[in-house]
Amino acid sequence: MTNLSTELAAAPLRADWRNMLPRRSPKLVVGAGIIATMTLWAVAGPAVVGDPEAIRDIGLTAPSTAHLLGTTQTGQDVLAQLAYATRGSLYIGILVGVMATLLSVLFGIVGSYVGGLVDEAFSLLSNVFLVIPGLPLVIVISAFVPVQARGSWTIAAVLAVTGWAGSARVLRAQTLSLRSRDYVLASRVAGERPWRVVAVEILPNLLPVLATQFVFAIIAAILSEAGLSFLGLGAANSATLGTMLSYAQNGFALQRGAWWWFVPPGVIIALVGCGLALINFSIDEIINPRLRDIPRRRTADQPRPARPVTRTDDDAVLTVQGLSVTYRTTQPVHAVRDVTLTLHRGEILGLAGESGCGKTTLAYAINRLHRPPAEITAGTVTFHDRGGEDVDVLALDPRELRAFRWSQLAMVFQGAMNALNPVLTVRAQLADVLTTHRPGLSRRERHRRCGEALSLVGVDPRRLNAYPHELSGGMRQRVMIAMALLLEPQIVILDEPTTALDVLVQRGILRELLRLRDRLRFAVLFITHDLPLLLEVADRVAIMRDGSIVEDAPSDQIIARPRHPYTRQLLGSFPSLTGERGDFLRSPEPEPAPPGGAR
Amino acid sequence: MVRKKILMRTRATAVLTAAVLTASACGSGGGAKPGADVTLVAYTGQSSDYQVNFNPYTSNIGGIGTIFEPLFFFNVLRAEPPQPRLGTAYSWNADGTQLSITLRDGVKWSDGERFTAQDVLFTLDMLTKHKESNSVGYNGTATAPDDTHVVIKFAQPSFVTAPNILGRIYIVPEHKWKAIANPATDPVSAPVGTGPFTLAEFKPQAFTYAANPGYWGGAPAVKKVRFLALSGNQSGQQALQAGQTDWQTGPVPDIKDIEKNYAGYQATIVPLNQIVLDTCSNTALGCTGPQTDPAVRRAIYYGLNRTQINTLAFENTASEISPGFALLHRDDAVISTRLPERTAPMQPDVGKAQQQLESAGYAKGADGVYAKNGKPLSLTVTVVSGWSDYITTLNTMTQQLKQVGIKLTAQQLSWNEWTQQRQNGRFQLILDSLNQGPAPDPYYLYSYFFATGTTAKVGTRAPQNWSRFSDPEVDRALAGLTRTDPKDTAARQPYLDTIQTRIEQAMPYVPVLTQGTVTEYHASKFTGWPTPDDLYAVPAVWQAPDNAEVMKRLKPTGK
Amino acid sequence: MRYYLRKLAFYLVALWAAVTLNFLIPRMLPGNPVDILMAKLQQRGGSPDPATRRAYELLLGTDTHESLVHQYLGYLGNMATGEFGISVSDFPTPVSTVIATSLPWTMALVGLATLISVLVGTVLGVVAGWRRGGWLDSLVPATTVLAAVPYFWLALLLVAVFGAALGWFPLLGGYDVTLNPGWDGPFLRSALYYGVLPATTIVISSAGGWLLGTRNMMVSVAAEDYVLTARAKGLRNSRIMIFYAARNAVLPTVAGFAISLGFVVAGSIVTEQVFAYPGIGSKLLQAVQSNDYALMQGIFLIITVTVLGANLLVDLLYGLVDPRIRTSG
């Protein structure tokens, strides 16, 4: 999906630091609101409520105007106790959170940045602490500490020491991946001191992860402390939500139906935990923007009446007319503008252009593989079946679309590294095409066909049982091609099929492709930025720039008489192996579309 | 992919199976089986597993009273003569150095052997040989002139030891126990006794007694008695609520309306143990801290709001206490008239309390807490965690004494820790209770808790006098009581007066309240329970041998 | 193969670390636990024979001038043979017997509950992550709230509602105490019946974590190229969701099992306390309350070994499930 991001990169982004702040989503608002309220309650509450320890003769009473949350067994005001208890719990929670995070920063970030033996040792320590069960360890340690010494700081220290391991592991993983990023290596090469590198390059990028881990640590600390206090092992003379629950159980609150004593502490713990978790969600969305809630766009998937375009000539197999695709981001990006193309049977049509010009978006849109926020805003895509029928691809319902895909139109994606499912065998991935599209076949027949398909592309059929990671890059690409041809489709779209491969392998695959085209007579839409390659292989070439087709002509015409200035620029930019270096191509701004929308 | 399908199918089957099993389990489940003998289910508060050891001298489920019987039964609640069990009559010689006991004839052990004086002799000799089992302190020499008589000789006048010897020594069969290598430690898993019950079944979480058909007093009407172990300190109340236990002792919420809240149950409240604050009071024996000053102890005494404590912590089941520690009502006749107050004040007198402190040199600080020589009056009180009523009492006391200007810090400890602290004297204050002796006589309580003989220095294990109190006058009075025949009330009174006034002045234990031991019982299922009108035994399920007396008298109603 | 060996080696190291920690803790903290234990034994009527004292010393430390290394080796020997000494709170049962009778209960409860929780959470997470924006997405915050609720509070609520108020389930215990433990129908039924509420507590509290993790992974995976290929191949939605997306998404969940198991073990201890369930968690608490140090040490060790074993099992399973690990080693 790298093409998507390059497409988006065309739109100017806001300054980096502002991108680090969480987006204002409902989750963040609710979460922050809850935490703010709880913190206010914990900080200011004790000042406004009465004395939590004053006993009264009334004993256990239900909520009333005098005591909003009723009283405990000794007549103590529950609301007052709740304020002090919340403060106590939050205090310990934050204390432990800070201590645990500091420990995990030490063992996670510093360790993995320094690398070598230190990293190995710290990592082992983290993993060991991770698998040793936390609460039993805390219980055992607390039991050995004499009661007098069991203050808040002791308990906090014990909880921190047993709780840092998970965060350390996460931080280490992040640091390791950042450490080998280019900008870090660059500053190291430039001779920057290690601490500066850590502080300036690594830490800012770690901040979101660090923030989530800190919040996790607080949640875990509050819950653990509540559990400890409930068991009677908490800090002596402290008032936390856990001790409140412990007293409530001691006073038979449950049996006497004294819900007002018993429910509020648990609710507060849950609210605090929930609020912190919601904040964590928002931070997660910074780390992984895909997690953002996608607003439903009702227009994208509306069924529309079929409006197939009649074929311009008998040989046409696909007609794209006036297709426009827009990314509905905060600043809409018009990735494909009013594109019209015709693909003829058995023809290889090349689609060339620089990165970000919209060619992949176009290819996806043709097959309706585009996902929100991409949206087809205008135009038609019509498939002209061999049997004479014209099919409006954009109007197919989901079932028809599934049937159409692969059996009529197949795609080979760029970088087969990731295009094959890593956990299924090659056989399984080839076979499920047949299972879906040719359900009548027997298993033996299916396997035979899979073997045949592999032989077709020059791969040993014994590789059927292999997993994708066991194959070389070239072999994987051949497998992809084999998979694409299994159902003998009428159109094959190739999106940069050889870009990631070395020249010799490239040659081999292209030769294979041409051979297969000659044999099976399918049409090919060949998308690449490598114009010279295209000129060799393709029958026609369409040049695309900033979403529009600027020139569309047979290849020999493009070489001999390029009409559009951009085409000429493109041609001239490729250095020849023996000749001049070529111009440096990168136009600073898009050329305004000529009036009349000429291609 | 096939793997995934199988996984899904297995998952579904597992869920379905679990659902079916749960549904069927809900249908079946425990409940009284019709036609079987009615079982009395008792819960003593036992939370850990029972160990199968019915040795009455080493185990807490020793079959005391149920399997093994004493010679006589002393009802500690009423001033009445003891009732004959394995013994039928006893008499002292004039100076209390010889005790003659007549034994019951025609008693059989549960394995069919005859009970004779040899068994009594064997038991007494065993206690002499194995000091660890001799908790009653038997130190006589016994002989058996014939099968139904035993004569015990003592070196000193030993009148006061009668209730212990006659009521707290449980006779074991010689023909079985002579084979036991070390009766002080070896467990007894198949007990043979003369008592009204035998051991029917044992499981770690429940053991069952069965009525002994050959019992000399006639087989009891209740054919089975089961004792449960339930963990969790809420389990007693929950079991009661669910009607799963028939006999329990301990506080449950809303005890006042017991008939409404627990249908079919009633409760008996018996004032038995006296709640006190143990204080480590004697500097001569190594105590340190503000509580060693009698003024501080008296200040606490006057500062407590006993009515409030009774309401908030005990649901008004407790009652007044005398500072001389004679049990009110039962011992009314011997309460000293020389005591300044017959009972401890139920309302606080903050002024008087503060006066006590000020005349001892304390001055009130800015924070409201009294201080002397720069040291604030701050005391720690320990209590056993899980004793909810005592914990509530402590919380209440802390607030009450805050009004006076004394700072209390409560500390909860495990029972083991707490016991150790108490025995070693390493404490300032402990919320505790003083238990009665084997007979309806305050002498025993004084001898346990106020005698120099039962105390020790701080750091050494004291048998019972935790507060390290030591007063030669009290010791002399106790010695005098030991020598005097208990029937001679006129001769005893001067000694009792001395003891009561001395301990009221020194106040090594600050009296709080007399605890009402609350027992809940399933009145609709069984009749014959001890009631306030007829306290023939202590109704508490854990009090032995009284609980055997109760079990003997109960009759199932058939409902 | 190398993967398996490495994992085994790691867990051996972790085990050694736990055992050593167990050895060091009582020696680092103040107090003289052995004397306390011997005194308690005496109180209970036990005769402190030298073998018992030796076992305690090795477990908890002695103030004689015996070298630490010497003690350590003796301790390791005792650990290997299961000689933990005699339990003071369950006198005169040896610690190993106490553990042996209570461990199966916890393993059954926690094992079953975790299994159900993983299945429920993962399945819901897969569906929620695949179908963005549906009603299932609203499940996510709901389960987050549940995960933030303390285990014991949830347990108390369940007891109050289903046990006390509605009376559908027993209030506490592991089985009907009037039955004899054994492999017969009534006992197993009773055990299952009594286990419903504790298991429900664990499932409700921990399913949320699995759901969230799986859902997040599904969202990431859904953007991968092979999923795009699958869509382009015209495969059915359910097939893509299961074989392409979920199959890859649950891998990290399996890898993150260790962290989750830690929370479950912690939660189960408190849950057992609330339900008075006869498992190893309540024994641990009983040991702590009675200062039964020997039992405490023994239980801690066993819990650790069990957790390590579970993690090892899962790691080995991961090796089976992810073919990239299997072949590259």
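Residues are numbered from 1 along each chain as its sequence is written, while chains are lettered from A and ligands numbered from 1 in the order in which they are written. Because the model is predicted, local features need pLDDT of at least 70 and side-chain atom pairs count only at pLDDT 80 or more, whereas totals for chains, interfaces and linings use all residues.

**View 1. Confidence along chain B.** The predictor's confidence in each residue is called pLDDT and runs from 0 to 100. Chain B has a mean pLDDT of 87, and 93% of its residues reach 70 or more. Over residues 1-35 of chain B, pLDDT stays under 50. For this stretch the model has 19 contacts beyond four places in sequence, a contact being two residues whose C-beta atoms, placed from the backbone, lie within 7 Å. Where pLDDT is low, the predicted coordinates should not be read in detail.

View 2. Strands are DSSP runs of E with at least two residues, helices are DSSP runs of H or I with at least four, and both are numbered from the N terminus. Two strands pair if DSSP finds at least two bridges between them. Strand S4 (residues 87-92) and strand S5 (residues 98-103) of chain B run antiparallel and are joined by five bridges. B:Trp92 stands opposite B:Leu99 in S5(B). Five residues lie between the strands of this hairpin, and B:Gly96 takes a positive phi near 75°.

**View 3. An open sheet in chain B.** Three strands of chain B form an open sheet in the order S13-S14-S15, with antiparallel pairing. Strand S13 (363-364) and strand S15 (375-376) of chain B stand at the edges with a single partner strand each, so one side of each is left without a neighbour in the sheet. S13(B) pairs with strand S14 (residues 370-372) of chain B over two bridges. In S14(B), B:Tyr370 stands opposite B:Lys364.

**View 4. Parallel strands in chain A.** Strand S6 (residues 409-412) and strand S7 (residues 491-495) of chain A run parallel, joined by four bridges. The bridge partner of A:Met411 in S7(A) is A:Ile493. From S6(A), A:Leu409 and A:Met411 point one way and A:Ala410 and A:Val412 the other way, and all are buried. A residue is buried if 20 or more other C-beta atoms lie within 10 Å of its own, exposed if 12 or fewer, and partly exposed in between, with C-beta atoms placed from the backbone. In a regular strand the side chains alternate between the two faces of the sheet.

**View 5. A:Arg448 in its helix.** A:Arg448 has its place in helix H17 (residues 443-456) of chain A. This residue counts as partly exposed because it has 13 C-beta neighbours inside 10 Å. A:Arg448 and A:Ala431 are 17 residues apart in sequence, and their C-alpha atoms are 9.9 Å apart in space.

**View 6. Chain C and its helix H1.** Chain C contains 14 helices and zero strands. Of its 329 residues, 53% are buried. The 27 residues of helix H1 (residues 2-28) of chain C should span 39 Å at 1.5 Å a residue, and the end C-alpha atoms are 38 Å apart, which agrees; the expected span is 1.5 Å times one less than the number of residues. Among the buried residues of H1(C) are C:Tyr11, C:Ala14 and C:Ala18.

**View 7. The contact of chains A and C.** Chain A and chain C each give 64 residues to this contact. H6(A) supplies the largest share of the side of chain A that touches chain C, nine residues. That side divides into 44 nonpolar, 14 polar and six charged residues. Here Ala, Val, Leu, Ile, Met, Phe, Trp, Tyr, Cys and Pro count as nonpolar, Asp, Glu, Lys and Arg as charged, and the others, Gly among them, as polar.

**View 8. The largest nonpolar core.** A nonpolar core is a set of buried Ala, Val, Leu, Ile, Met, Phe, Trp, Tyr and Cys residues joined through C-beta atoms within 7 Å. The largest has 307 residues, and A:Ile219 and B:Leu277 are among those that touch the most other members. Helix H10 (residues 194-230) of chain A gives the most to this core, with 19 residues. Not counting residues up to four places away in sequence, A:Ile219 touches A:Gly273, A:Leu276, A:Ala277 and C:Ala148.
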